[in-house]
Amino acid sequence: MSVAMTMAEDNGSSRDDLSTRAARVAAIAAKHADAVDADGRFPREAVDAMRAERLLSIQIASELGGEGTSITEIAELCSILGQACAASAMVFAMHHIKLTSLVEHGAASDWHREFMRRVARDQLLLASSTTEGGIGGNLRNSICAIRVEDGRCFLEKDATVISYGAHADAILITSRAHADAASSDQVLTVFLKDQYTIDRTVEWNTLGMRGTCSDGFLFKGEAPAEQILPKPFAEIAAQSMLASSHLLWSGVWYGIAADAVARAQAFVRAAARKSPGQQPPGALRLAEVSSLLQMVKSNVVAGLKVYEEAKADADRLSSMAFAVAMNNVKIASSEMILPIINHAMLICGIMGYKNGTPYSLGRHLRDAHSAQLMISNDRILGNTSTMLLVHKQDTSLLG
């Protein structure tokens with residue numbers, strides 16, 4: 001995979017392709033992955049490496065200082081990072097999900113174009129605030145409302161989750177468009193680090209994905225009103241945010257599963273070397289899990305193809321058919337990685353169950369359990385079932 005790259009003159013990096021740069025970040029992330037998980041701490045070393053490799057701005061157009069990288073290429077980087085440290089990969093994915101909103105919906109705004117230049121120049125890390133006390137994870141509804149007075153906007157929000165909020169350089173936050181707006185009449189606003197305060201209300205102490213540090217906060221912000229994205233959040237969510245979330249998260253989950261299978265394969269190979277001429281235990285299960293992993297890969301690749309083909313057509317991006325397709329990618333990816341990791345655990349046996357071995361899979365299994373909860377699969381299935389009442393399922397193999 002290679003793309004035209006615009007590297008900063010002062011960062012000292014060679015014009016390597018994206019996968020090579022991501023591999024260098026992954027090597028650093030892997031070194032600290034167990035400590036990040038055990039301590040529930042932010043993967044600072046990996047994020048610093050992302051900045052050094054200028055990976056936080058690759059999606060931005062080249063004329064604004066980025067590299068114009070596609071979602072397909074970014075999903076591949078999510079997979080590479082996911083094989084090293086799921087929390088680091090998820091931070092990278094969530095940053096680029098928010099950046100998609102800017103790239104796809106902020107290009108006509110002078111302020112947002114200049115902000116993208118700053119993201120590229122300074123390698124700013126973007127966080128998201130869409131959940132809220134009283135609505136849970138229903139990102140298409142808000143209780144809080146932004147207030148605009150004399151060219152400035154003011155917002156207070158009980159944000160039950162802001163992933164790596166304490167470590168971000170800016171937060172993109174949803175709210176009702178004004179005090180009298182319906183809960184679904186929302187806007188998305190960029191607040192820079194010096195324009196808000198966040199007071200922790202909920203501590204992130206979880207089974208897995210511990211390094212995302214997704215604490216809850218009481219958010220209070222004030223900024224120029226021009227930082228509100230000009231397009232309604234309903235359009236942003238339908239045309240870019242939900243699709244990029246499902247696809248980039250799926251890239252991370254595929255990476256977790258791929259590393260679990262790689263560890264299982266290494267275990268079987270080691271057993272084969274000890275007993276030449278005999279089929280080692282777990283060999284048949286390895287073949288079986290390989291086919292399951294390929295199914296996840298095919299699912300993600302197909303979803304990326306649908307998205308890339310639809311990007312030029314706003315109507316198609318907002319269609320039920322597109323929403324159903326993206327929802328199905330998320331459901332299939334999130335539900336299939338757990339059986340894959342369980343298969344890998346059976347292959348590796350006690351060496352996979354134990355921590356601290358080359359075949360340890362406990363972190364993979366715990367991180368993978370988050371997949372069905374990140375936008376609850378039950379919520380997604382409910383939305384899909386409603387759409388299928390009025391929309392015929394696309395059954396063509398040609399898409």
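Because the model is predicted, local features need pLDDT of at least 70 and side-chain atom pairs count only at pLDDT 80 or more, while totals for chains, interfaces and linings use all residues. Residues are numbered from 1 along each chain as its sequence is written, and side-chain values use heavy atoms, without hydrogens and water.

On a 1 Å grid over the protein atoms alone, a cavity is a set of points where a 1.4 Å probe fits but cannot get out, and a pocket is an open set with protein on both sides within 12 Å along at least five of seven lines; lining residues have an atom within 4 Å of a point. Grid points are joined across faces, edges and corners, and a volume is the space filled by probe spheres set on the points.

The largest cavity holds about 50 Å³, and its lining includes Ala33, Val36, Asp37, Arg210 and Asp367. Two or more lining residues come from each of helix 1 (18-39), helix 4 (86-105) and helix 11 (362-368); helices (H or I, at least four residues) and strands (E, at least two) are DSSP runs, numbered from the N terminus. Helix 1 gives the most, with 3 residues.

The second largest cavity has about 40 Å³ of space. Among its lining residues are Gly82, Gln83, Ile256 and His364, and helix 11 gives the most to this lining, with 3 residues.

The largest pocket has a volume of about 740 Å³. Of its 32 lining residues, Val161, Ser163, Leu373, Met374 and Ile375 are the closest to its centre. Helix 4 and helix 6 (233-274) each supply at least two residues of this lining, and the largest share, 4 residues, comes from helix 4.

Turning to the sheet, 3 strands form an open arrangement in the order 1-4-5, with mixed pairing; two strands pair if DSSP finds at least two bridges between them. Strand 1 (126-129) and strand 5 (186-192) are the edge strands, each pairing on one side only. Strand 1 pairs with strand 4 (residues 170-176) in the parallel sense over 4 bridges, and Leu126 stands opposite Ala170 in strand 4. Helix 5 (residues 110-122) lies across strand 1, strand 4 and strand 5, at about 45° to strand 5. Here contact means heavy atoms within 4.5 Å; axes are lines fitted to C-alpha atoms, for helices over the stretch in contact, and angles run from 0 to 180 degrees between N-to-C directions.
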